[in-house]
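Walk through this structure with me, from its pockets to a helix and then to a sheet. Keep the model open as you read.

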Amino acid sequence: MSMRVTFLGTSGAVPTTQRNPTAIYCQREGDGFLFDCGEGTQRQMMRFGTGFSVDHIFVTHTHGDHVLGIPGLVQTMDFNERDAALAIHCPPGERQLVENLVSATGARPSFPVRVHEVSAGDVALRRDEYEIRVFHVDHRTTAVGYALVEDDRKGRFDRAHAEELGVPVGPKFSELHEGNAVELDDGTVVTPDQVVGDPRPGRRFVYTGDTQPTDATVAAAEDADLLVHDATFAEDRRDRAGQTGHSTAKQAGEIAQRAGAKRLALTHVSSRYANDVEHHRAEAREAFDGELLIPDDGDTVEVPYPDGE
């Protein structure tokens, strides 16, 4: 079951020739999600081959560098004769603004677009095997973060032991793996706990959007397989980060370390660092000992299961 994250835009508020405004595409098997949609996102989707198979857009906040791509993307979907509904999730109180963006050209698209306000603590989307949760972040406006959290998976089935117990190869294996006891021809009952191991954790992908360091992010990103965190500034502008509701690379590293995240991706990099992110890398490394990424636009990251399977 594949999960991959493509960084469509990694710049801060001002785009550069190398970095587009914020947008992240996440594909989990056949489901595609867009987290934020900065200006030019539709072109980035074409450029980096994600396609437009997105049914849900998750907006962290409505500053322009996170939402100005919505009108163009919706219009392109309309030109492509889309008929499937599109859901856009946004922080509380921002529905009308997002609705205005959808109809910015003066016409509504021919397919349904539904805007849902979500608050910290909500489950924005529930699907078989996973959900997308909303958590509190601290920016200069109403803002939220999102965590895609998979359900625990079944434990490993011990086929060899099942055969030792006399379970015949076939449907009874599946019954046991599904959690049901089976009766053998001689009347012996074999229970799942005899042949199925403990549940195995699913994957966790966490995206903060713009934020200062928060305990809520630590909680949402506990043992995350991939945490994508605001790292707008280096330590030389730590005061500026606090004033504008952002984080430094080192602060992002500290949050990831506290959360026990396995991988940290630093994003929303200010244009002042566009050509040199080595200070970001060095400062985050001081605080975080997991795998550290500073992705460029177009980079794709595979998110593996915690146990590697």
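Val 149, Glu 150, Asp 152, Pro 201, Gly 202, Arg 203, Arg 204, Glu 222, Asp 223, Asp 225, Lys 262 and Pro 306 line the second largest pocket of this predicted model.

The largest pocket holds about 270 Å³. Its lining has 17 residues, and Ala 13, Thr 232, Phe 233, His 246 and Ser 270 lie nearest the centre. Here the classes split into 9 polar, 5 charged and 3 nonpolar residues.

Now turn to helix α10, residues 249-259. Its buried residues are Ala 249, Gln 251, Ala 252, Gly 253, Ile 255, Ala 256 and Ala 259. What covers them? The cover includes helices α8 (215-220), α9 (238-244) and α11 (278-287), along with strands β13 (226-230) and β14 (263-267). Just after α10 comes Gly 260, with a positive phi of about 75°.

Next, the sheet. Seven strands form an open sheet in the order β6-β5-β4-β3-β2-β1-β16, and the pairing is mixed. β6 (113-117) and β16 (300-302) each have a single partner strand, so one side of each lacks a neighbour in the sheet. On average, neighbouring strands are turned by 20° against each other, direction ignored.

β5 (residues 86-90) pairs with β6 in the parallel sense, over 5 bridges. In one of the pairs, His 89 has His 116 of β6 as its bridge partner. Helix α4 (residues 95-102) lies across both β5 and β6, and runs at about 160° to β6.

Methods. Residues numbered from 1 in each chain as written. Predicted model: local features only at pLDDT ≥ 70, side-chain atom pairs only at ≥ 80, totals over all residues. Heavy atoms only, no water. 1 Å grid on protein atoms, 1.4 Å probe; cavity = no way out; pocket = protein on both sides within 12 Å on 5 of 7 lines; lining within 4 Å. Points joined across faces, edges and corners; volume = space filled by probe spheres on them. Nonpolar A, V, L, I, M, F, W, Y, C, P; charged D, E, K, R; others polar. Buried < 20%, exposed > 50% of the residue type's maximum accessible area, 1.4 Å probe, protein only. Helix = DSSP H or I, 4+ residues; strand = E, 2+ residues; numbered from the N terminus. Contact = heavy atoms within 4.5 Å. Pairing = 2+ DSSP bridges. Axes fitted to C-alpha atoms, helices over the stretch in contact; angles between N-to-C directions.
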